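Hi,

Here is the structure I promised to pass on. My notes follow below it.

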Amino acid sequence: MKFSVIIPAYNHADVIRRAADSALAQTLAPLEVIVVDDGSADDPLSALGSARDKVIFIRQENKGPAAARNAGAAKARGEWLAFLDADDLWLPEKLEAMAALLEDDPEASLAHSDGWVIAGYKPVTELKSEPTYFSSRKPVQGKDAAKIFLANPVITSSVCIRREAFHKTGGFDETFRINEDADLFLRLMSAGRALFSPLPLVAQYCSPEGAGRDPAAYLDSSVRVIRKAMEYCPAMTPELKRSLFATQRASFLYALRDGDAKKARSAWNETILIKAPSIKDLAITALLNLGGRAGLRYIQKRLGKTLEGLR
């Protein structure tokens with residue numbers, strides 16, 4: 001089983017060597033490791049050090065992570081595409097474990113594993129005693145993977161996708177700058193099965209500077225993902241509506257926090273069309289749509305503690 005590893009990089013010269021080394025040190029050697037520099041201001045090629053001679057390096061103008069991953073996939077020759085973000089790393093047995101999992105199901109188009117999702121950086125040796133990502137979540141797997149995925153996203157750097165399925169599905173949607181991975185994974189899972197390995201095989205390191213860490217922007221892109229899914233997967237409409245309800249309610253709160261009356265009204269009004277409103281919901285609807293600035297300020301005051309708790 002041949003894997004092409006794709007590492008998109010944007011201003012990650014300080015950590016990209018760590019990611020590349022973890023891909024090159026696999027117990028099951030990848031067919032190739034492809035690094036795509038998405039218009040970085042730093043120099044990821046030099047930062048790779050001795051690993052630069054062991055990878056395929058692509059440089060492009062900045063177009064976002066979706067375009068960078070698509071560029072790597074277009075160059076890939078392996079049967080499977082294994083994605084690894086430049087600030088994350090794999091355990092040495094990652095690809096070997098994925099190969100063993102995939103051999104049991106030749107029809108699967110996507111596979112992923114457990115791992116750690118943490119803020120900052122800790123060496124893997126210090127993570128062994130930490131709870132894993134799926135220790136408190138339902139594993140995303142089987143025929144109902146798409147439904148589970150709506151509530152429990154997967155770790156992007158743990159995902160392997162059959163190259164044929166990737167191209168058949170259209171790859172990453174380059175109009176997304178955030179949530180491009182969720183959009184693709186949902187399309188793949190709605191069309192087939194996903195496999196899951198309970199082994200913790202990846203460490204995903206999160207920083208507040210990442211584009212996807214802006215909660216309001218993340219919610220906006222999540223709404224786009226869900227609405228798009230409603231078009232290509234009508235069979236999942238009930239689950240998608242529940243997910244859209246929760247996402248728009250959260251978006252409403254962030255809009256209130258930011259004092260964006262127009263966005264707050266739009267998000268709230270969509271939720272009452274999805275689910276029958278309570279008397280309290282109707283009161284909020286009236287204040288938002290008829291109460292003007294005074295109505296908005298009143299709602300902000302009543303929800304003050306909730307809004308203060310938003311990051």
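**What turned up**

Arg-249 sits in helix α10; helices here are DSSP runs of H or I with at least four residues, strands are E runs of at least two, and both are numbered from the N terminus. This is a predicted model, so to speak of local features we need pLDDT of at least 70, side-chain atom pairs count only at pLDDT 80 or more, and totals for chains, interfaces and linings use all residues. Residues are numbered from 1 along each chain as its sequence is written, and side-chain values use heavy atoms, with hydrogens and water left out.

Back to Arg-249: its side chain makes a polar contact with the side chain of Asp-281, at 3.4 Å (N or O atoms within 3.5 Å; within protein, one able to donate a hydrogen and the other to accept it, and residues adjacent in sequence count only if both atoms are side-chain atoms). Leaving out residues up to four places away in sequence, Arg-249 touches Trp-268, Thr-271, Ile-272 and Asp-281 (heavy atoms within 4.5 Å).

Helix α3, residues 65–75, has Ala-66, Ala-67, Ala-68, Arg-69, Asn-70, Gly-72 and Ala-73 buried (under 20% relative accessible area, with a 1.4 Å probe and protein chains only). Those buried residues pack against β1 (3–9), β2 (32–38), β3 (56–60), β4 (80–83), α7 (163–169) and α8.

α8 (180–191) also turns up in the lining of the second largest pocket, where α6 (145–151), α9 (215–232), α10 (237–258) and α8 each supply at least two residues. The largest share, five residues, comes from α9.

Cheers

How values were computed: Buried means under 20% relative accessible area, exposed over 50%, partly exposed in between (1.4 Å probe, protein chains only).
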